[in-house]
Amino acid sequence: MSTPETRTARVIAIANQKGGVGKTTTAVTLASALTRMGERVLLLDLDPHACASVHLRYYPDELTSSANDIFAEDRPEPGKLWDSIRQHHPTQEFDVVPATIRLAELEVDLRNRKGKGAILQQSLGHVRGEYDFILLDCPPHVGILLVNALVACDLLVVPIQTDFLALHGLKLLFDTIKVLNKVLPAPICYRVLPTLHDKRARACARVLELLDLKMRDSMFRTVIGMDTHFRDASAQGRVIYELFPDSRGAQEYEDLAKEIMEL
Ligand SMILES: Nc1ncnc2c1ncn2[C@@H]1O[C@H](COP(=O)(O)OP(=O)(O)OP(=O)(O)O)[C@@H](O)[C@H]1O
Ligand SMILES: [Mg+2]
């Protein structure tokens, strides 16, 4: 764990434009796993559907400020902005910036804004000193929010369901990375995370082999298996560690957190 003096957060974007591959589950569970290991964590919900926010019991209809404010032209100065958008339930382990559906309007709102891809990166500069990790839960499509996340991150985690069709469509994400790499000072560092893996299915084992072959060093050693406890926990607005700390899923995300801390 870094000391407050040396602390500067590593920003981790969790993205894949394919829906339902475990992005939000990874963001929420990893945030909790890292916090339990003594790390200071901020989770930022960048998905207009606000699934991470709702999972953590921040309901868009009740919010007066949200992640959208980071991108607003008339936003307050950074200190005030971050004070107003960061939330922390008394029982919660980490800070959260929840999302609302208004994020969906950014594509149009930012159309003519100069430097629109680096807004998040610049704004995060004001709070990086307060955390060890800042996690970004990205929406399942390519657009200005994903670009902001990719520009801001030090590590991109790409959850991939070990299902044959899940590999199809990854090209769009990697094409976006290629385009950004041409203008960024350093190429985007990424790691693939196999998720929703069904250990009994031969087809899943084959996809895992394929991923291993294609991704080699860019793949986490940890594989996240199927575990119904994730659904049960999110239905109750809780993180898996609060309800099922001994479950396999809880253990696997702890392994992932350790791997990330070693990177
Ligand atoms: N390892 C797992 N085992 C079983 N169910 C899982 C696992 N990971 C996620 N799920 C469940 O799968 C569903 C989709 O997961 P999640 O919301 O994390 O995906 P997502 O990639 O964020 O989806 P979206 O693209 O819609 O944002 C949820 O109901 C979640 O509880
Ligand atoms: Mg999601």
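How far apart are the mean positions of the positive and negative charges of the chain? In this predicted model, the 31 positive and the 35 negative charges have mean positions that lie 6 Å apart. The accessible surface over the chain amounts to about 12700 Å², and carbon and sulfur atoms contribute 52% of that area.

With regard to the overall fold, the chain comprises 12 helices and 6 strands. Its radius of gyration is 18 Å, close to the 18 Å that the globule rule gives for 263 residues, and the chain is therefore as compact as a globular protein of that length. Taken along the principal axes, the box filled by the C-alpha atoms has dimensions of roughly 55 × 45 × 40 Å. Of the 263 residues in the chain, 53% are buried, and among contacts with a separation of 6 or more, 80% are accounted for by residues 24 or more positions apart.

The buried residues in question are I144, L145, L146, V147, N148, A149, L150, V151 and A152.

Terms used:
Residues numbered from 1 in each chain as written. Chains lettered and ligands numbered in written order. Predicted model: local features only at pLDDT ≥ 70, side-chain atom pairs only at ≥ 80, totals over all residues. Heavy atoms only, no water. Helix = DSSP H or I, 4+ residues; strand = E, 2+ residues; numbered from the N terminus. Rg over C-alpha atoms; globule rule 2.2 N^0.38 Å. Buried < 20%, exposed > 50% of the residue type's maximum accessible area, 1.4 Å probe, protein only. Contact = heavy atoms within 4.5 Å. Areas by Shrake-Rupley, 256 points an atom, 1.4 Å probe, with all protein chains shown as cover. Lys, Arg positive; Asp, Glu negative; His and termini not counted. Charge placed at Lys NZ, Arg CZ, Asp CG, Glu CD.
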